[in-house]
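Visitor: Could you walk me through how some of the helices pack in this structure?
Guide: Gladly, let's look at it together.

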Amino acid sequence: MAAAAAAAALAAAEPPPAMPQAAGTGGPAARRDFYWLRSFLAGGIAGCCAKTTVAPLDRVKVLLQAHNHHYRHLGVFSTLRAVPKKEGYLGLYKGNGAMMIRIFPYGAIQFMAFEQYKTLITTKLGVSGHVHRLMAGSMAGMTAVICTYPLDMVRVRLAFQVKGEHTYTGIIHAFKTIYAKEGGFLGFYRGLMPTILGMAPYAGVSFFTFGTLKSVGLSYAPTLLGRPSSDNPNVLVLKTHINLLCGGVAGAIAQTISYPFDVTRRRMQLGTVLPEFEKCLTMRETMKYVYGHHGIRKGLYRGLSLNYIRCVPSQAVAFTTYELMKQFFHLN
């Protein structure tokens, strides 16, 4: 869900006004025609950079959430040290290739869906203010999850593997194996329900918190917290360190609310890889099993501290890269 936090926070801002151009340049029409493509590239690049930066922490999170038998007795930092010893330093990036394939369309879909839903909710339902951002964010997050869920499933399966015990040799082999042995197309959507239930409050709160903090900050302290955009001086944006702070707060709040659903989703995604597979066939059974055997702190919230640690560097890279890409692609 770090990817969701980055994409949600990036998309939370209101679309900036276009710069007026002289007649005859052909600029405005061309820029409008390709705005979606430039947004797609900017969000995708930022998401990929952010996820690659925190990929080792993502791998550790998957191992701890699902209680991999090689690392179940270890904590976050001890697992970070143990993985390179057992699997080499590239072991910290296992599954990151599938994540890169997923994060590009995920960020693009969430960003564009947020804008469309926000407009729809405002014009058709008459809902405005901060509430429409909460509703649009939830709907955009769920849309992006449904569209890219099979890629996340494969990424988790690859990340859970330990050197010497490989069930899948790569992304394509994982797709073929899951399809053949786990019920065809539906096999790629194991754990979708807890994901959607977790994503609705997660994405909604992320959009709502970041957008509200940004609008309040620029309204009450524009000089202290804001600065003119380098590619369009008429547009006021948050200073980099303020962006990081707002994104970190939004991500931390959203993670805390939705984390039990994230743990449930990971276990259901792993499916037959886990020995207790038959006891975790549904969302209710999985949550009951995790709570009964591991409790709240070591079960439903296992690895949460790692998510908090991931939040700051992930948001830092995402916002820094995205701001550079926005200026490069003239999105302001």
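**Helix packing and a buried residue**

Visitor: Which hand does the crossing of α6 and α7 have?
Guide: In this predicted model, helix α6 covers residues 96–124 and packs against α7. The crossing of these two helices is right-handed.

Visitor: How are α6 and α7 oriented relative to each other?
Guide: Their axes lie 7 Å apart, at an angle of about 165°. Angles over 145 degrees count as roughly antiparallel. α6 is therefore, relative to α7, roughly antiparallel.

Visitor: How many charged residues are in the contact of α6 with α7?
Guide: That contact includes 19 nonpolar and seven polar residues. The charged ones number five.

Visitor: What is the orientation of α7 and α9 to each other?
Guide: Helix α7 (residues 131–160) and helix α9 (residues 192–220) have axes that come within 7 Å and cross at roughly 140°. Angles over 145 degrees would count as roughly antiparallel, and 65 to 115 as roughly perpendicular. The α7 and α9 pair is therefore oblique.

Visitor: And which hand does the crossing of α7 and α9 have?
Guide: Residues making the contact include Gly137, Gly141 and Val145 of α7, and Ala200, Ala203 and Phe207 of α9. The crossing of α7 and α9 is right-handed.

Visitor: Is Asn243 buried or exposed?
Guide: Asn243 sits in helix α11, residues 240–270. Leaving aside residues up to four places away in sequence, Asn243 touches Phe210, Leu238, Phe319 and Glu323. Its relative accessibility is 5%, and buried means under 20%, so Asn243 counts as buried.

Note on methods: Residues numbered from 1 in each chain as written. Predicted model: local features only at pLDDT ≥ 70, side-chain atom pairs only at ≥ 80, totals over all residues. Heavy atoms only, no water. Axes fitted to C-alpha atoms, helices over the stretch in contact; angles between N-to-C directions. Helix = DSSP H or I, 4+ residues; strand = E, 2+ residues; numbered from the N terminus. Parallel < 35°, antiparallel > 145°, perpendicular 65-115°, else oblique. Left-handed = near helix turned anticlockwise from the far one by under 90°. Contact = heavy atoms within 4.5 Å. Nonpolar A, V, L, I, M, F, W, Y, C, P; charged D, E, K, R; others polar. Buried < 20%, exposed > 50% of the residue type's maximum accessible area, 1.4 Å probe, protein only.
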